[in-house]
Amino acid sequence: YLYHGGTNPIGKNSTMQESRATGYPNDVPVRSYDFQAAISECGIPRGQYHRLRLLHLFLRDFGEAFAAMTSFLPEEAVTDRRDTAGLRWCVRARGDAGYVFVNNYQRLAALSRHEGVRFRVCTETGTVALPGPEGLTVENGVYFFLPFGLRLGSLTLRYATVQPVCRRGDDFFFAVPRGLAPSYLLDGAVRIEGAAVAQEEGGLRVQVPAEELSVFTVTDADGKVIRFVTLPMEEAEGLYKLGERVYLSRAGLYEDGEDLIAYRYGNADLSCRVYEEGRFREIGTVVEPLPESVPYTRLPGDDRHLLDNSALAQELFLDGRKPVLLYEIALPQDKTDWFLSVDFVGDVAQLYDGKRLLADQFYLGRPWDVALDAVEGDTVTLVISELKKDGCYLECDVREGLRLNGLRLKRMYRAALRQ
């Protein structure tokens, strides 16, 4: 729904909050418009941001040809979400080249594990069967796409059991989906170095490790050298391509003029490697971690006290009057790049900067992170209302209670890296 979460403003007479009181089907927070987006409301990259970036990298380098391809569904396609036994797949192709898309993931459902999977694709020039006789094992929860018939210079990639990510000149980067044995079937190769090779019908089959980064080179009939860089999917989620440079890092990366900036939430390890001619060279750094403790004090108070002082506090009691907890939290003087991580159990949590509602969130079963850059004072007030059993739908084990498990200050660490 959202790529980057946001924060609703508070106007002179009202907020932009959607609620049952304003005719919306359900209540949402007053200020938070986060919706568990790839980049959070306060700019923190989440796991889905890195997974989406792999698709964006692919579309930037292969999107022009991909856009011209046509989609095809198999004759016995899965069309019922309750069918958890069938394998969900389709093809996008043009001519004799394309991609097989496989999705064995469905939220809140366990899909069957499939062994010995092979795909038969009818193209304009004939039938393509992939992979080899051993087939694929498709685990529950995985999703990926595999290339076939791709032209790489004078080479033809008959098929591969890896997912293409990006390219840098004649260097191509691929990710290994979980549970797959990575291999390439190449036609037109004269010499292959850096991997195990076997002659098969249709070309040379190259096998590489599934659990570690590897690079092999292929020389074609014209003497051109093409490199294939293969990474486990989890490691590939750290790939970045800025301009024509490829980087590998657990930190986030962006360019600011001539500088390469690494940033990472709650982790001082800003390690980063830049790709150069078949290898990754270390250019990152580890900065000094800062203390995360934050002093706070439990305050006396009840719901009447809150309602008398803030109309916005009515959100705390969407399903009726109930107990609350109040805390005063002392903050550092310089709040730039500092966040407050609130580990709580409750229905609704609100953070006040004086009488101003700074942030709010419903309980989701995990810590709530709030950016502190906009806080004007030296303290903030945290209010948490009680979560009643069966009061709302939750995808977590804890479904009732009222407690503060802990508070931490967390830093968005940043550093300019030397290239």
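Which strands does H1 lie across, and at about what angle does H1 run to E12? Select H1 together with E12 and E13: the helix lies across both strands and runs at about 55° to E12. Angles here run from 0 to 180 degrees between N-to-C directions, using axes that are lines fitted to C-alpha atoms, for helices over the stretch in contact (heavy atoms within 4.5 Å). Helices (H or I, at least four residues) and strands (E, at least two) are DSSP runs, numbered from the N terminus.

Some background: this is a predicted model, where local features need pLDDT of at least 70 and side-chain atom pairs count only at pLDDT 80 or more, while totals for chains, interfaces and linings use all residues. Residues are numbered from 1 along each chain as its sequence is written, and side-chain values use heavy atoms, with hydrogens and water left out.

Now stay with H1, residues 47-67, and centre on Asp 61: a kink of about 70° sits there. The bend at a residue is the angle between axes fitted to the seven residues ending there and the seven starting there. Next, colour the buried residues of H1, including Tyr 49, Arg 53, Leu 57 and Phe 66. Buried means under 20% relative accessible area, exposed over 50%, and partly exposed in between (1.4 Å probe, protein chains only).

Move on to the sheet. Five strands form an open sheet in the order E12-E13-E19-E18-E15, with mixed pairing. Its edge strands are E12 (163-168) and E15 (189-193), each pairing on one side only. Two strands pair if DSSP finds at least two bridges between them. Zoom in on E13 (residues 171-176) and E19 (residues 225-232), which pair in the parallel sense over six bridges. Phe 173 has Val 229 in E19 as its bridge partner.

Next stop: the largest nonpolar core. Select Ile 329, Leu 340, Leu 351, Trp 368 and Leu 382, which touch the most other members among its 28 residues. Such a core is a set of buried Ala, Val, Leu, Ile, Met, Phe, Trp, Tyr and Cys residues joined through side-chain atoms within 4.5 Å. E30 supplies its largest share, five residues. Click on Leu 382 and you'll find contacts with Leu 325, Trp 368 and Leu 407, among others.

Definitions and conventions. Lists of a residue's contacts leave out its neighbours within four places in sequence.
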